[in-house]
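Here is a briefing on the structure shown below. Please read it with the model open.

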Amino acid sequence: MPITADLLKTSEGGPEVLLPAVSHSPPEVSFLHLAYLNKPEIPVLVLGILAATVTGAILPIMGLLISNMINTFFEPADELRKDSEFWALIFLALGVAGSIFHPLRSYFFSVAGSKLIKRIRLMCFEKIIHMEVGWFDKAENSSRVLGARLSIDMHLVC
């Protein structure tokens, strides 16, 4: 039994070896061109950047708060209880902020990336649709290869 998927049985009963699709290297695309294509999602990207800024600021703020909290251990017992409750609430608020802003950051950047990939796929599909009929007769332009390129090459953008 053949191991590769390139061997198929023909109607004559003999094996037919299919030529592998022509491997191509995607052209280099500049970052500025991708940024231009992502222009309609600027509001979503700004929200993602704000969420990422809050997420990135949580750990430095926590470090500063911990350094201020250490002074609480050297206070008398009645002040220690009051201040420790205050610091517990502060750290709880930081945890809640992190729980909110981490998923928001991921969501906003995922939405922007998904829309960019959809836009690029539609542009490529539009170019393919407007090609001459003879262009599809070449082996490297078969529907199987073009479909694979539309689905696989877009993931190289991310």
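**Surface patch**

At 45% relative accessibility, Ile100 is classed as partly exposed, because that class covers values between 20% and 50%. The model is a predicted one. Ile100 sits in helix 3. The points below take the nonpolar patch, the core and the salt bridges in turn.

- Ile100 belongs to a nonpolar patch on the surface, with Leu89, Leu92, Val96 and Leu104 as the other members.
- Together these residues show about 450 Å² of accessible area.

**Nonpolar core**

- In soluble globular proteins, nonpolar side chains tend to be buried together.
- Here, the largest nonpolar core has 5 residues. They are Ile58, Leu65, Met69, Trp87 and Leu94.
- Two helices each supply at least two residues of this core: helix 2 (42-69) and helix 3 (77-129).
- Helix 2 gives the most, with 3 residues.
- Leu94, a member of this core, is in contact with Ile58, Ile61, Met62 and Leu65, leaving aside its neighbours within four places in sequence.

**Salt bridges**

- The structure holds 2 salt bridges.

*Arg119 and Glu41*

- Arg119 forms a salt bridge with Glu41, and their closest N and O atoms are 2.9 Å apart.
- Arg119 lies in helix 3, while Glu41 lies in the loop between helix 1 (31-37) and helix 2, so the pair ties together parts that are 78 residues apart in sequence.
- Glu41 is buried, because its relative accessible area is 5% and the cut-off for buried is under 20%.
- Arg119 has a relative accessible area of 23%, so this residue counts as partly exposed.

*Arg81 and Glu85*

- Arg81 forms a salt bridge with Glu85, with the closest N and O atoms 4.0 Å apart.
- Both residues are in helix 3, 4 residues apart, so about one helical turn separates them.
- Arg81 counts as exposed, because its relative accessibility is 60% and exposed means over 50%.
- Glu85 is partly exposed, with a relative accessible area of 45%.

**Helix 3 in brief**

- Ile100, from the surface patch, is placed in helix 3.
- Helix 3 also holds Arg119, the partner of Glu41, as well as the Arg81 and Glu85 pair.

Definitions and conventions: Residues numbered from 1 in each chain as written. Predicted model: local features only at pLDDT ≥ 70, side-chain atom pairs only at ≥ 80, totals over all residues. Heavy atoms only, no water. Core = buried A, V, L, I, M, F, W, Y, C linked by side-chain atoms within 4.5 Å. Buried < 20%, exposed > 50% of the residue type's maximum accessible area, 1.4 Å probe, protein only. Contact = heavy atoms within 4.5 Å. Patch = residues over 30% accessible without salt bridge, like charges linked within 9 Å, V, L, I, M, F, W, Y side chains within 5 Å. Areas by Shrake-Rupley, 256 points an atom, 1.4 Å probe, with all protein chains shown as cover. Salt bridge = Lys/Arg side-chain N within 4 Å of Asp/Glu carboxyl O.
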